[in-house]
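Dear colleague,

Please read the notes with the coordinates open beside you.

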Amino acid sequence: MTFVGLVERRVEPTLRSFLETFRVVALVGPRQAGKTTLARQVTNGGVYLSLDDPDVFRAAVADPVGFVAGRPRPVVIDEVQRGGDDLVRAVKLAVDEAPEPGSFLLTGSTNLLTVPTLSESLAGRMGLIELAPFSQAEAGGLESQGLVAWLVKNVASAGGGDWYEPLLGMPASLVSRRSYVERICAGGYPEVFRIEAGRRSALLRSLLTSIVARDIQEISGARRINELSRVAKALAARTSGELVIADVHRDTAFGSPQTTADYVSYLEMVYLTMSLPAWATSAATRVKRRAKVHMADTGMAAALLGLTADALVDPLEPMRGPLHETFAAVEVRKQVSFADTGATLHHFRDRRGREIDLIVRLPTGKLLCFEVTSAMKAHGAKARTLGWFRDTIGDRFELGIVLYAGSLPLRLGHRLVALPISYLWEI
């Protein structure tokens with residue numbers, strides 16, 4: 001895949017709508033995901049201020065109220081988390097005095113709702129949008145709505161029966177096993193598509209170092225920067241697995257288990273990892289079960305683990321399956337954010353070890369269930385597990401999908417289908 005030109009981001013219509021609705025809009029996501037480019041695209045006039053500029057940063061910290069006062073709207077403040085609570089409060093005061101929609105567009109490389117130093121949430125004044133690295137459709141310049149949006153739309157309009165039948169009439173996928181692993185190793189960071197494949201791993205490792213040294217150190221005060229990189233590598237090795245802090249702590253062997261837990265949370269705070277809570281039939285049970293952890297970008301995961309497309313194309317490579325699962329989970333998460341339907345993501349695992357890789361829970365309580373395999377055959381254990389889950393939870397089960405590396409859509413049983421992984425972005 002080669003990146004050319006300006007990429008149309010799927011969240012842009014939502015961002016423009018938010019700017020017409022909320023006084024303050026926060027556009028958050030990892031560094032180098034394209035937030036600055038998108039912010040400049042959607043704002044006309046006004047003023048752009050980046051807190052990565054030392055002079056601008058000093059002015060914001062020295063006099064936050066004066067820094068935001070009297071500027072032409074909209075005011076775009078890039079990397080706003082660097083200004084801390086005082087700057088956020090100054091924005092609040094400014095929009096309370098002049099409560100016009102779209103007054104401030106704030107971008108941040110940390111989750112503004114979880115940064116300890118940003119206690120002021122701008123509740124009732126702010127709309128929050130996450131911009132992830134490129135989805136597969138964005139990277140490929142495709143106009144497809146994506147499988148998740150198709151499923152959500154057709155579930156809502158279904159009058160019963162096999163509403164998913166059109167999926168089985170789709171043409172064969174042309175994406176090869178080799179192409180899948182190349183996509184996994186590329187990930188989605190825009191800058192990755194501008195350089196040769198052989199240099200991407202070094203760029204991604206450098207990006208991790210930058211995020212750790214700038215964002216995490218600033219928000220946490222953590223001094224053991226090298227240890228944070230080790231934690232990131234340990235999580236990459238566990239991508240698509242249940243998060244067990246004791247295991248991560250044992251492998252990194254520094255500080256206390258609580259320090260390890262803190263470092264794990266920092267990595268999620270800056271969008272390097274993502275967690276899927278466990279799904280269960282009651283909230284009380286759900287919170288007792290472990291979350292599953294994924295690296296938020298498979299290119300970053302492959303770079304940390306020293307894996308290339310040549311290594312991942314080998315069926316004997318132990319990280320091949322986990323990285324295919326993470327690749328699918330990351331893509332589904334992006335599509336859920338685009339669709340803005342209120343759906344949530346989960347996984348399932350019972351005490352006997354039966355598990356469902358990915359569950360999209362719709363606001364109605366209905367479930368779209370995914371199993372992911374790097375194999376070119378979809379029959380077998382994963383299909384049987386989906387069938388067992390369907391029979392166990394009853395009417396809440398809407399559809400079970402095995403995403404696999406083969407080329408044809410297949411019927412596996414009642415409300416069970418197998419689809420090529422590429423259908424995620426081709427539909």
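At the start of helix H14, a side-chain oxygen of Asp297 comes to within 3.1 Å of the backbone nitrogen of Gly299; please keep in mind throughout that this is a predicted model. H14 itself, which spans residues 298-305, is mostly covered, with 7 of its 8 residues buried, namely Thr298, Gly299, Met300, Ala301, Ala302, Ala303 and Leu304. These buried residues pack against the helices H8 (177-186), H9 (197-220), H10 (225-237) and H16, and also against strand E8 (292-295). Just after H14, Gly306 takes a positive phi of about 70°.

Helix H11 (residues 245-252) has Val248, His249 and Thr252 as its buried residues. Seen down the helix axis, the buried residues of H11 fall within an arc of 100°, and they therefore line one face of the helix. Ala246 and Arg250, on the other side of H11, are exposed, while the buried residues pack against H10 and H12. Just after this helix, Ala253 has a positive phi of about 55°.

At least two lining residues come from each of helices H1 (12-19), H12 (257-269) and H16 (320-339) and strands E5 (126-130), E7 (273-276) and E9 (344-349), and H16 gives the most, with 6 residues. By class, this lining divides into 24 nonpolar, 11 polar and 8 charged residues.

There are also 2 cavities of 30 Å³ or more. The largest cavity has a volume of about 100 Å³, and its lining includes Asp297 and Thr298, together with Arg183, Phe327, Glu331 and Lys334 among others. H16 again gives the most to this lining, with 4 residues, and the classes here are 3 nonpolar, 5 polar and 4 charged.

The second largest cavity, at about 40 Å³, is lined by Arg10, Ser135, Ala137, Ser144, Gln145, Gly146, Glu331, Gln335 and Phe338. The largest share of that lining, 3 residues, comes from H16, and the residues divide into 2 nonpolar, 5 polar and 2 charged.

With best regards

How values were computed:
Residues numbered from 1 in each chain as written. Predicted model: local features only at pLDDT ≥ 70, side-chain atom pairs only at ≥ 80, totals over all residues. Heavy atoms only, no water. Nonpolar A, V, L, I, M, F, W, Y, C, P; charged D, E, K, R; others polar. Buried < 20%, exposed > 50% of the residue type's maximum accessible area, 1.4 Å probe, protein only. Contact = heavy atoms within 4.5 Å. Polar contact = N/O pair within 3.5 Å; in protein donor to acceptor, adjacent residues only side chain to side chain. Arc of directions from axis to C-beta. 1 Å grid on protein atoms, 1.4 Å probe; cavity = no way out; pocket = protein on both sides within 12 Å on 5 of 7 lines; lining within 4 Å. Points joined across faces, edges and corners; volume = space filled by probe spheres on them.
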